[in-house]
Amino acid sequence: MEGPQFNSRIVGRFAPTPSGDMHLGNLLCALTAYLSAKSKGGKYIVRIEDLDPIRSPRSGGYKILDTLCAFGLEGDEKPIFQSDRSELYREKELVLERMGLTYPCYCSRAELHAAEAPRLSDGSVVYSGKCKRLSDEERAKAEKTRKPCVRVRVPDKVISFTDALCGTYSQNLESECGDFIIRRSDGVYAYQLAVTVDDGEQGVTEVVRGEDLLSSTPRQIYLMRLFGYREPSYIHIPLVCDSAGRKLSKTEGDRIAENLKRLQKERILGALGYAMGLIEKDRAADLQELTELFSVEKIARGGVRLPPSLQ
């Protein structure tokens, strides 16, 4: 029997980090990615971003997959785990190295945050480029006391893109970002490299994720252009808040499991569809109905608040 037929030009994805239980905001992101891809006849895939073996155990990834499966959001092909793909990331690091774009950095986190440097919206520091100016002698001396991370050089260049919800976003890589880390000092590959490589290698054509990741997109576009990948389109959705306007957090526990104990999955999906603006009442709805009703233009700008049924 033949499998489902897809519009091969459309590939959407949901790529959670298993650092804690999924909350309803994560589920809404998965639902939006699914609906956006399926409404165009495309493929929807799942990737577990478990780069950090301590903060993101593999067991957490399996738990996320179980939750997604409960709602029919498990993906159209076998999910991948980033922890299995270090060799691929190493190959891409070597590509950047051969371009002369990488260098070791010996600065500690404390040193970076003590420096008088601009801060990004995610709390990170615009790196000064201190270590790329080290002499061979200075580098050898630093190597004796600290294992370096690896940074990639960025140009004095503005990268702009148009997000389907947030509009045009521009960032000067040198002054608003700085040379960024692609491999940590403990050998773990950084999010910016891994997410770019995986989106490129998996043929992802549209990225749906929270608006808190908007500012990281120019870095990923920069790497995509270096590697020759096709750039996807972006939909950075509003963060989900409870009735008090507080952003949901994984540290608050698994509210999804609590809701599944008292509500049918269609009731939860309908409530999320209502919160997004796809349906006019807080009622039950299945994936087929929500797919037929989906439009990016319907998604509420600003924060998305959960209806009382999910509180």
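Reply: Let us begin with K63, which is partly exposed at 41% relative accessibility. Please bear in mind that this is a predicted model.

Me: What is the relative accessible area of D21, and how is that residue classed?

Reply: D21 has a relative accessible area of 23% and is therefore partly exposed. The general idea to keep in mind is that side chains of opposite charge can pair when their charged atoms come close. Here, K63 and D21 form a salt bridge, with N and O 2.9 Å apart.

Me: Are D199 and R13 buried or exposed?

Reply: Both D199 and R13 are buried.

Me: How should I read the salt bridge that R90 forms with E93?

Reply: The closest N and O atoms of R90 and E93 are 3.1 Å apart. Both residues lie in helix 3 (residues 86-98), and because they are three residues apart there, about one helical turn separates them. R90 counts as partly exposed, at 32% relative accessibility, whereas E93 counts as buried, at 2%.

Me: Which residues do salt bridges with shared partners join into one network?

Reply: That network consists of R13, R47, E49, R85, D198 and D199.

Me: Let us turn to the strands. Which strand does strand 1 join, and in what sense do the two run?

Reply: Strand 1 is joined to strand 2 by four bridges, and the two run parallel. R13 has I45 as its bridge partner in strand 2. Strand 2 (residues 43-48) is mostly covered, with five of its six residues buried. Together, strand 1, helix 1 and strand 2 form a β-α-β unit that is right-handed.

Me: How many bridges pair strand 2 with strand 3?

Reply: Two bridges pair strand 2 with strand 3 (residues 80-81), in the parallel sense. The partner of I48 in strand 3 is F81. From strand 2 the chain crosses through helix 2 to strand 3, a β-α-β crossover that is right-handed.

Me: What lies over the face of F81?

Reply: R58 lies over that face, at 4.1 Å from the ring centre of F81. In another case, R151 lies over the face of Y127, at 3.7 Å from the ring centre.

Me: Finally, how many aromatic pairs does a search of the whole structure find?

Reply: As a general idea, a pair of aromatic rings is described by the distance of the centres and the angle of the planes. The search of the whole structure finds six aromatic pairs. Ring pairs link F161, Y169 and Y234 into a cluster.

Note on methods
Residues are numbered from 1 along each chain as its sequence is written. This is a predicted model: local features need pLDDT of at least 70, side-chain atom pairs count only at pLDDT 80 or more; totals for chains, interfaces and linings use all residues. Side-chain values use heavy atoms; hydrogens and water are left out. Rings of Phe, Tyr and Trp (its six-membered ring) pair if their centres lie within 6.5 Å; planes under 30 degrees apart count as stacked, over 60 as edge-to-face and the rest as tilted. A charge sits over a ring if NZ of Lys or CZ of Arg is within 6 Å of the ring centre and within 35 degrees of the ring normal. Buried means under 20% relative accessible area, exposed over 50%, partly exposed in between (1.4 Å probe, protein chains only). A salt bridge is a side-chain nitrogen of Lys or Arg within 4 Å of a carboxyl oxygen of Asp or Glu. Two strands pair if DSSP finds at least two bridges between them. A crossover is right-handed if, with the strands pointing away from the viewer, the path from the first strand over the helix to the second runs clockwise.
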